[in-house]
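Biologist: Hi! Could you walk me through this protein in simple words?
Modeller: Happy to, let's look at it together.

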Amino acid sequence: MSDTAIVGTLNMAFLNLFGTLGYGHASIQFLETQNQKGIIKTTTISLDAVRAGLAMVTSIAGIPAVVHSTHASGTLDSIPKTHLVKGG
């Protein structure tokens, strides 16, 4: 499955959960994606809601999927790039 399909599915999950206004307040940005992993930037106050949106995804491009968060950080600099490497 492509990273584009993953981002599109996540965007729809967040829009369905938050609505357009809530999505805007969460300030969700997809910064990097590779190897079916990625970095999502959001506001601190929206972190739990974004995690809930991830949990709502059950399939991507018709393929059953489970999406979850492995790391949260107050700054992007403290997120190791190894989180994007398969198996990292």
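Biologist: How much of the protein counts as buried?
Modeller: Of its 88 residues, 22% count as buried. Buried means under 20% relative accessible area, exposed means over 50%, and partly exposed is in between, with a 1.4 Å probe and protein chains only. Please keep in mind that this is a predicted model: local features need pLDDT of at least 70, side-chain atom pairs count only at pLDDT 80 or more, and totals for chains, interfaces and linings use all residues. Residues are numbered from 1 along each chain as its sequence is written, and side-chain values use heavy atoms, leaving out hydrogens and water.

Biologist: Thanks! Which pattern does the protein follow along the sequence?
Modeller: The pattern reads α-β-β-α-β-β, and the secondary structure comes to two helices and four strands. Helices (H or I, at least four residues) and strands (E, at least two) are DSSP runs, numbered from the N terminus.

Biologist: What about the largest nonpolar core, how many residues has it?
Modeller: That core has 13 residues, and Leu10, Phe14, Ile28, Leu54, Val57, Ile60 and Val67 have the most contacts inside it. A nonpolar core is a set of buried Ala, Val, Leu, Ile, Met, Phe, Trp, Tyr and Cys residues joined through side-chain atoms within 4.5 Å.

Biologist: And which elements give two or more residues to this core?
Modeller: Those are H1 and H2. H1 gives the most, with six residues.

Biologist: Where do Phe14 and Phe18 lie?
Modeller: Both are in helix H1 (residues 3-26), four residues apart, which is about one turn of the helix. An α-helix has 3.6 residues a turn, so residues three or four places apart point the same way.

Biologist: Is Phe14 buried or exposed?
Modeller: Phe14 counts as buried because its relative accessibility is 0%. Phe18, at 21%, counts as partly exposed.

Biologist: And the other pair, with Phe14 and Phe30: why is it stacked?
Modeller: The ring centres of Phe14 and Phe30 are 6.4 Å apart and the planes are at 25°, so they count as stacked. This pair links distant parts of the chain, with Phe14 in helix H1 and Phe30 in strand E1 (residues 29-34), 16 residues apart. Phe30 counts as partly exposed, at 24% relative accessibility. Ring pairs join Phe14, Phe18 and Phe30 into a cluster.

Biologist: Let's switch to helix H2. Which residues are buried there?
Modeller: In H2 (residues 47-56), they are Val50, Gly53 and Leu54. They cover an arc of only 100° around the axis, so they sit on the same side of H2. The arc is that of the directions from the helix axis to the C-beta atoms.

Biologist: What do the buried residues of H2 pack against?
Modeller: They pack against H1 and strand E2 (37-41). The face turned away from the buried side carries the exposed residues Asp48 and Ala55.

Methods. Rings of Phe, Tyr and Trp (its six-membered ring) pair if their centres lie within 6.5 Å; planes under 30 degrees apart count as stacked, over 60 as edge-to-face and the rest as tilted. Contact means heavy atoms within 4.5 Å.
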